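Hi,

Here is the structure I promised to pass on. Have a look at it first, then read my notes below.

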Amino acid sequence: MDNDVSAGSTTTTIAGRLALGITLLAFGLGNTGVLDGVTAADAVSLAHYVGGVALFVAGLFAFRDRDTVTGTAFSALGALWFTWAVSAGGQVSDNAAGLFLLLFALVTLSLTLAGGDQLGQGTYGLFCVSLVLLAVGRFADNDGLAKAGGWVAVAAGAVAWYAATAALAHWPTVLPRRAAGRGVTATG
């Protein structure tokens with residue numbers, strides 16, 4: 001990726017963020033139970049093809065463009081969604097499922113700490129929190145934590161979707177920063 005191009009402005013990054021956003025929204029909403037009859041298992045096909053295959057391919061294209069952070073993020077998350085989709089419905093213990101979620105929470109923590117733009121870090125940070133909540137929910141057999149994790153995944157999906165849409169529509173993608181000391185008046 002050209003150093004003059006800001007993160008999130010390439011076609012690969014936009015497509016990857018749309019794929020991640022849609023997958024997180026479907027997965028998160030399924031975990032919340034807010035839609036009658038819709039569960040996380042209903043997101044399996046979307047997670048398999050959009051979150052798994054498309055996101056992994058976007059990661060490969062990012063590597064081709066020498067964007068290692070985006071390539072690593074999309075290929076690792078593509079592997080997560082693909083693995084989750086093909087193993088969904090399988091007979092695994094809650095502890096095994098919790099461990100899977102916790103291990104990928106570590107991956108998303110690494111992606112959060114890797115830097116990049118604010119919207120990317122926000123997406124990965126929220127996804128990390130979601131995975132931790134879902135993992136602890138599986139370990140503790142606590143549906144409340146699973147629902148909370150679903151809502152945080154929805155938030156992460158919304159941020160990823162906004163990041164992609166903002167890049168396409170030329171909307172703001174960074175939060176304005178105030179200069180130190182501005183807006184503070186001295187009284188005396």
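Before we start, helices here are DSSP runs of H or I with at least four residues, numbered from the N terminus. Keep in mind that this is a predicted model, where local features need pLDDT of at least 70 and side-chain atom pairs count only at pLDDT 80 or more, while totals for chains, interfaces and linings use all residues. Residues are numbered from 1 along each chain as its sequence is written, and side-chain values use heavy atoms, with hydrogens and water left out.

Let's begin with T32, which sits in helix α1 (residues 11-32). Is T32 buried or exposed? T32 counts as buried because its relative accessible area is 5%; the cut-offs are under 20% for buried, over 50% for exposed and partly exposed in between, with a 1.4 Å probe and protein chains only as cover. A polar atom of the T32 side chain lies 3.2 Å from the backbone nitrogen of V34. If you skip neighbours within four places in sequence, T32 is in contact (heavy atoms within 4.5 Å) with K147, G150, W151 and V154.

Next, G51, in helix α2. G51 has 0% relative accessibility, so G51 is buried too. G51 and I22 are 29 residues apart in sequence, and their C-alpha atoms are 8.0 Å apart in space. Again leaving out neighbours within four places, G51 touches T23, L46, L77, G78 and W81.

Now for helix α3 (residues 68-87). Its 20 residues should span 28 Å, and the end C-alpha atoms are 28 Å apart, so the two agree. The expected span is 1.5 Å times one less than the number of residues. Among the buried residues of α3 are F74, L77, G78, W81 and W84. Their cover includes α1, α2 (44-64), α4 and α5. After α3 comes G89, with a positive phi near 85°.

Last, the surface. L99, L102, L103, L106, L109, L113, V132, V136 and F139 make a nonpolar patch of about 770 Å². Patch residues have over 30% relative accessible area and no salt bridge, with nonpolar side chains (Val, Leu, Ile, Met, Phe, Trp, Tyr) joined within 5 Å and like charges within 9 Å. Both α4 (94-113) and α5 (118-140) supply at least two residues of the patch, and α4 gives the largest share, six residues. F139 belongs to α5 and is partly exposed, at 38% relative accessible area.

Cheers

How values were computed. Accessible areas come from the Shrake-Rupley method with a 1.4 Å probe; for residues, only the protein chains shown count as cover. A salt bridge is a side-chain nitrogen of Lys or Arg within 4 Å of a carboxyl oxygen of Asp or Glu. A polar contact is a pair of N or O atoms within 3.5 Å; within protein, one must be able to donate a hydrogen and the other to accept it, and residues adjacent in sequence count only if both atoms are side-chain atoms.
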